Amino acid sequence: METAPVQAGAFRLRDACANDAPAIQAIYATHVLTGLASFEEVPPDAAEMAQRMAVIQAHNLPYIVAESDGRIGGYAYASPFRERSAYRYTVEDSVYIADDALRRGLGRALLSDVIKRCTAAGYRQMIAVIGDSANQGSVGLHTHLGFETVGTMPAVGFKFGRWVDSVRMQRALGAGATAPPHDSGGGSN
């Protein structure tokens with residue numbers, strides 16, 4: 001699912017590769033250890049992050065990074081929402097930005113590109129699962145890109161000694177639910 005790199009300020013967007021796993025792991029580890037965007041409590045190592053990336057890419061789904069001067073400032077990807085076949089037209093997005101790259105438009109550029117690629121691949125719905133209802137940065141990013149809140153699951157996670165909500169947001173892709181899919185095989189799942 002290669003496309004030409006896209007500029008995002010001083011960063012360019014490109015498909016992630018296995019060599020990016022250590023930088024991706026470092027960004028994710030910070031979120032795991034200090035934030036509520038992920039409900040993981042122990043950061044996976046770079047080998048595990050590379051394996052997770054390979055699984056996403058094996059589904060022909062986008063896994064992209066924002067890079068500047070050889071440094072990864074953030075990454076985003078889409079994954080199958082659920083494994084049962086009726087969900088084959090629905091994907092879930094994930095976006096993580098390095099602390100020193102926040103507020104530079106990377107999240108918007110990364111998520112916009114993931115949305116564009118998933119729409120082109122024939123997916124019809126994208127779901128965001130946002131840890132912590134107080135995560136206004138992620139809620140705001142998704143709202144700006146056309147997602148609507150479809151529910152909040154109160155106190156489903158327990159991290160950092162407190163109960164944490166999970167917000168569900170959803171966005172139609174392409175024709176969404178206004179027309180049946182063109183094929184019986186689904187997106188690229």
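How many helices and strands are there in the protein? There are four helices and eight strands, both taken as DSSP runs numbered from the N terminus (helices H or I with at least four residues, strands E with at least two). This is a predicted model, in which local features need pLDDT of at least 70, side-chain atom pairs count only at pLDDT 80 or more, and totals for chains, interfaces and linings use all residues. Residues are numbered from 1 along each chain as its sequence is written, and side-chain values use heavy atoms, with hydrogens and water left out.

**Figure 1. The whole protein.** Along the sequence the elements follow the pattern β-β-α-α-β-β-β-α-β-α-β-β. The radius of gyration is 16 Å, which agrees with the value near 16 Å for a compact globule of 189 residues; the radius is taken over C-alpha atoms, and the globule rule is 2.2 Å times the number of residues to the power 0.38. The C-alpha atoms fill a box of roughly 45 × 40 × 30 Å along the principal axes. Of the 189 residues, 46% are buried (buried means under 20% relative accessible area, exposed over 50%, partly exposed in between; 1.4 Å probe, protein chains only). Among contacts with a separation of 6 or more, 65% join residues 24 or more positions apart, a contact being heavy atoms within 4.5 Å.

**Figure 2. Helix 1 and its cover.** Helix 1 spans residues 21-34, and its 14 residues reach 20 Å from first C-alpha to last, close to the 20 Å expected at 1.5 Å a residue; the expected span is 1.5 Å times one less than the number of residues. Its buried residues include Ile-24, Ile-27, Tyr-28 and Val-32. Cover for the buried residues of helix 1 includes helix 2 (46-58), strand 3 (63-68), strand 4 (71-80), strand 5 and strand 7.

**Figure 3. Glu-40 in the loop between helix 1 and helix 2.** Glu-40 is partly exposed, at 25% relative accessibility. Residues up to four places away in sequence aside, Glu-40 touches Tyr-28, Val-32, Arg-52 and Lys-159. Glu-40 and Lys-159 are 119 residues apart along the chain, and their C-alpha atoms are separated by 8.6 Å.

**Figure 4. Helix 3 and the residues flanking it.** Helix 3 (residues 106-120) has 15 residues and reaches 21 Å between its end C-alpha atoms, close to the 21 Å expected at 1.5 Å a residue. Among its buried residues are Leu-110, Leu-111, Asp-113, Val-114 and Arg-117. Gly-122, with a positive phi near 95 degrees, follows helix 3. Arg-103 lies in the loop between strand 5 (90-97) and helix 3, and its phi is also positive, near 65 degrees. Most residues other than glycine have a negative phi. Arg-103 is exposed, with a relative accessible area of 84%.

**Figure 5. Asp-132 in the loop between strand 6 (125-131) and helix 4 (136-144).** Asp-132 counts as buried, at 12% relative accessibility. Beyond its neighbours within four places in sequence, Asp-132 is in contact with Leu-36, Phe-39, Arg-162, Val-164 and Asp-165.

**Figure 6. Phe-160 in the loop between strand 7 (148-159) and strand 8 (162-172).** Phe-160 is not a glycine, but its phi is positive, at about 55 degrees. The relative accessible area of Phe-160 is 47%, and the residue is partly exposed.
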